[in-house]
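Subject: Structure handover

Hello,

Here is the structure for you to open and look through. My notes on it follow below.

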Amino acid sequence: MLVERENELARIRTALDAAAAGDSSLLLVTGPLGSGRSTLLRRVPELAGDDARVLRACAAWRERDFPFGIARQLFDHLLNGAGGAGPARRATGAEQFGDLMDADDRRSGPGPEREVSDAVLHGAQSLLADAGAHRRLLILIDDLQWADGPSLRWVAHLTRRLHGLRALLVCTLADGDHRARHPLVREVVGAARDVIRPAPLSRDAADSLLTLGERERAHDAAADLLYRCGRPAEQVAGHLLAVVHPGRPWSENVLRAAACNASRAGRPGDAARYLRRALLHHRTQDDSRARLLIDLATAERAIDPDACVRHVSQAVALLSTPRDRAAAVLRVPPSLLAVPSPSAVELVRQAVRTLDDPARPDEEEPGELGLRLEAWLRHSGHENPVELTSSVERLRRMGPRPAVDSVAERELVSVLLCAGALSGRLSAREIARTGNRILEREPAVAAHAHSTLPLVLISLFVAESVHGVASWLASEQRTRRLYATGADDVLLAAERAFVLMAQGRPAAAREHVESALTMGPDGWLEPAVLMLASVVYELRDQTLSERLLARTRDRRPAGLARTATGQILQAGIDTQRGRSREALDALLACGRRLETAGWRNSALLPWRPYAIGLHQRLGETAAALRLAEDELAWARDWGAPTNLGRALRLKGWLLQDDGLDLLREAVDILRASAHAVELARTLIVLGRRLHGGPEAEAVLREAAGIAAACGVPWLAERAGQGLGTATVPPVATLTPSERRVVSLVGRGLTNQNIAAELGVSSRAVEKHLTSVYRKLGVSGRRELVNALPDR
């Protein structure tokens, strides 16, 4: 049975068809021991059909000194009726050729280098010509490297005289055998028209050739051999995965070691596979099985949260002490602004009840475990305004400098701090002070997607305290990436994009957003989605918004954070498509739901600023002013300069000439902010409200300079329009390929259309565009074409 040999068989058919047309050739099948050379050779006659005469020979190591051994095997087929023009002529010719070989053998001395007479060579040629006079001739020689010397000389002679025979000569040759280096063998190999090297079979193909029992025994033997040879745990475990029975006494330890290695390498899926197999090998219902279930749940939390909860629940039933049960339950990661499963919430509540059970006076105080369980439960109520208020009050009771020295203390304070940020019940100053204290004590590691650290980072981002986050991320890049998963990669890209955007570097921030969007579909947790969306809001790029929305839209269950993010992204897309009313209705609905949940902070989900602009665009100035008043009141309480400056700008813009004082106040406040793009926007509004004059010109020139420095040419152009001049920043040099891509973008082609036009992959087009964005300092396709010098 041949499997995965379609390509090799097709090449043999091609050679057979050529031989039938009179184009004879030598085909060589080579490969190591066990590669299927002989099996493939045995299939050739079936491909040739009944109209071919087949001559076969198989060389053997023990017969390598038998003169003309291969030649005799081939021509015995003629003598025994396998071919020939007629019985008498066939027998006579074959017997005469046999006599010639016997005579040659007697004349020649011993050894592989003996000469072969011309009579033998010409006699063999004549017999082959006669045998193939009316039908194709198929000559098959297996293991050519072991052929005797005289036969090799004859085969080498034949390869130079195949023309006119209507024959296909197929030889197999083993790699690595010292006889393969024999000069005559090398001469035959050199005459081959085509060399076929059968590819190794895939594991599935190899398994398909065996019964289930044979397959399991083979994998078990392979695992045992590799284990005794001291091979790495994952190599041994790869075979143990196919063994269902309990197996060897060491199998469970090997599988657990392999799972540990896979987890360290950021492959939780592989770790979970090893641990599930280890569970099959573990027969007792005891504490050691509970530990195995806990390890499995830890691996699954990154790939299958429901399975994680299920296996933790099974482990809890096997553990004897409340502290062990609580520690096991904490392997279920916090929901991080997502909807926690009811079973997970109940599991944690049960752990809290047993840990606080007054009937166990001999137990130690809950301590660290109690704080971590409290943090988990408090965050599970992040969409409940009562729970948010309770969390903020709990933080206030801890004093102005809550303890953050232990892991448990930091987890609890992180959750309470996030509640204060979402509800707006803490000021940006309070958030920044406590958040930075936590960050100073947190190790800079890549694997933090399933901890409470993302809640701290989000809180610091909305409080506009990014300096500490930037330093933390820089330190993380210098550490080894242990246990980092796809979720960690997406989160790190989002964090870096947010920091760069806050630092006034939108083009660089966009690169990280693009990088995140090329990552796998798994691991898109809510904190990463919120951060990426915040950057996309500022970039105002419709294509990028659509890509992010498509990546996150169909994930279930969708909590408030993901739903509101999607609504704001869709509203931005609808606005750019001219559907202002639909966009405004969606934003107002989003705002009502956020207010109901107690999420008053619009720094993270800026529905009010966008709704204000849409109200004004639709001529609803009174409604816009009411929202602007609410935004300004919140922003003054919050105290972050960017949010306050934006709120002042919006109200000043709505009040027309009566809003000059508010616009000047906004500019003064924004000069203390790192968000230079928002400052440029406010300067443009102020410059236009001044209606000309030296002050207006100075303000607009400053805005143009800031926008150009930040790499936002469309904003610089708006400033230039107010001055009556073109104020687009200098264009960096583009390569010819990049210019071709940009010209096709200008024609409205998509990345796929451009790839088809240029004959390249979509990935190559994306790389070109990323390079162009960086060189020109633009934030998207809409601004790209106008940045070219020749347009």
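Is Ala 338 buried or exposed? Ala 338 has a relative accessible area of 14%, so it is buried. The word buried stands for under 20% relative accessible area, exposed for over 50%, and partly exposed for what lies in between, with a 1.4 Å probe and protein chains only.

Two points about the source come before the rest. This is a predicted model, in which local features need pLDDT of at least 70 and side-chain atom pairs count only at pLDDT 80 or more, while totals for chains, interfaces and linings use all residues. Residues are numbered from 1 along each chain as its sequence is written, and side-chain values use heavy atoms, with hydrogens and water left out.

Contacts across the sequence

Ala 338 sits in the loop between α15 (322-329) and α16 (342-355). Helices (H or I, at least four residues) and strands (E, at least two) are DSSP runs, numbered from the N terminus. In sequence, Ala 338 is 187 residues from Leu 525, and in space the two are 8.0 Å apart, C-alpha to C-alpha.

Ala 52 belongs to strand β2 (residues 52-58). Ala 52 counts as buried because its relative accessibility is 9%.

Arg 11 is part of helix α1 and is partly exposed, at a relative accessible area of 27%. The C-alpha atoms of Arg 11 and Leu 27 are 9.4 Å apart, and the two residues are 16 apart along the chain.

Helices α1 and α2

Two packed helices are described by the angle between their axes and the distance between the axes. Helix α1 covers residues 6-20 and helix α2 residues 37-48; their axes come within 10 Å and cross at roughly 50°. Axes here are lines fitted to C-alpha atoms, for helices over the stretch in contact, and angles run from 0 to 180 degrees between N-to-C directions. The helices α1 and α2 are therefore oblique to each other. For such angles, under 35 degrees counts as roughly parallel, over 145 as roughly antiparallel, 65 to 115 as roughly perpendicular, and the rest as oblique. The crossing of α1 past α2 is right-handed, a term used if the near helix is turned clockwise from the far one by less than a right angle, with anticlockwise being left-handed.

Salt bridges

How many salt bridges does the structure hold? There are 47, each being a side-chain nitrogen of Lys or Arg within 4 Å of a carboxyl oxygen of Asp or Glu.

One of them joins Asp 143 and Arg 37, whose closest N and O atoms are 3.2 Å apart. This pair links distant parts of the chain, 106 residues apart: Asp 143 is in the loop between β3 (136-142) and α6, and Arg 37 is in helix α2. Asp 143 is buried at 10% relative accessibility, and Arg 37 is buried at 7%.

Another salt bridge is formed by Arg 562 and Glu 526, at 3.0 Å between the closest N and O atoms. Arg 562 is in helix α27 (residues 560-576) and Glu 526 in helix α25 (residues 526-539), so this pair ties together parts 36 residues apart in sequence. Arg 562 and Glu 526 are both buried.

Arg 664 and Glu 695 also meet in a salt bridge, at 2.4 Å from N to O. Because Arg 664 lies in helix α32 and Glu 695 in helix α34 (residues 694-710), the pair ties together parts that are 31 residues apart in sequence. Arg 664 is partly exposed at 31% relative accessibility, and so is Glu 695 at 36%.

There is also a network of salt bridges that links Glu 538, Arg 646, Arg 649, Glu 678 and Arg 681.

Positive phi

Most residues other than glycine have a negative phi. Arg 166 has a positive phi, near 55°. Arg 166 is in the loop between α6 (149-159) and β4 (167-174) and is partly exposed at 25% relative accessibility. Gln 656 has a positive phi near 55° as well, and its place is the loop between α31 (641-654) and α32 (660-670).

Regards
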